[in-house]
Amino acid sequence: LTQVREGEFTQPQHAGDEVAVGYDLYWDDNTHELTKTAAGNLYAGVATSVAAAPDAAVRVVIEEFRPVG
């Protein structure tokens, strides 16, 4: 993970997630990918592209990695 504070990036996503534009995405530090699952993960930002379940990556505006809850 490169430490970048803000911007739009293509990042790996959890293969089982269907992502739509505007979804909140979370960083899973165990798998090193973005996911829709908030529990146990860090908030990362908002999806700016659609990604189907088998897609390997998704576009996201990185806002801030912070704990959820």
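## Aromatic pair

Rings of Phe, Tyr and Trp, the last taken by its six-membered ring, pair if their centres lie within 6.5 Å. In this predicted model, that rule gives a count of one aromatic pair. The partners are Y26 and Y43, whose ring centres are 5.7 Å apart and whose planes make an angle of 70 degrees. Planes over 60 degrees apart count as edge-to-face, so the Y26 and Y43 pair is placed in that class.

Y26 belongs to strand β2 and Y43 to strand β4, so the pair ties together parts that are 17 residues apart in sequence. Both partners are buried: Y26 has a relative accessible area of 11%, and Y43 has one of 7%.

## Secondary structure and contacts

The chain has zero helices and five strands, and its pattern along the sequence is β-β-β-β-β. Among the contacts in the chain with a separation of 6 or more, 47% are between residues 24 or more positions apart.

## Nonpolar core

The largest nonpolar core holds 10 residues: V19, L25, W27, L34, A44, A47, A51, V58, V60 and I62. At least two residues of this core come from each of β2 (24-28), β4 (42-47) and β5 (57-67). The most is given by β5, with three residues. In soluble globular proteins, nonpolar side chains tend to be buried together.

Apart from neighbours within four places in sequence, A51 is in contact with Q13, D17, E18, V19, A57 and V58.

## Salt bridge

The structure contains one salt bridge. It is formed by R59 and E8, with 3.6 Å between the closest N and O atoms.

For R59 the relative accessible area is 31%, and for E8 the value is 40%. Partly exposed residues fall between the cut-offs of under 20% for buried and over 50% for exposed.

## Burial and surface

Of the 69 residues of the chain, 32% count as buried. The accessible surface of the chain comes to about 4200 Å², and carbon and sulfur atoms account for 51% of this surface.

Terms used:
Residues numbered from 1 in each chain as written. Predicted model: local features only at pLDDT ≥ 70, side-chain atom pairs only at ≥ 80, totals over all residues. Heavy atoms only, no water. Core = buried A, V, L, I, M, F, W, Y, C linked by side-chain atoms within 4.5 Å. Buried < 20%, exposed > 50% of the residue type's maximum accessible area, 1.4 Å probe, protein only. Helix = DSSP H or I, 4+ residues; strand = E, 2+ residues; numbered from the N terminus. Contact = heavy atoms within 4.5 Å. Areas by Shrake-Rupley, 256 points an atom, 1.4 Å probe, with all protein chains shown as cover. Salt bridge = Lys/Arg side-chain N within 4 Å of Asp/Glu carboxyl O. Phe/Tyr/Trp six-rings, centres within 6.5 Å; stacked < 30°, edge-to-face > 60°.
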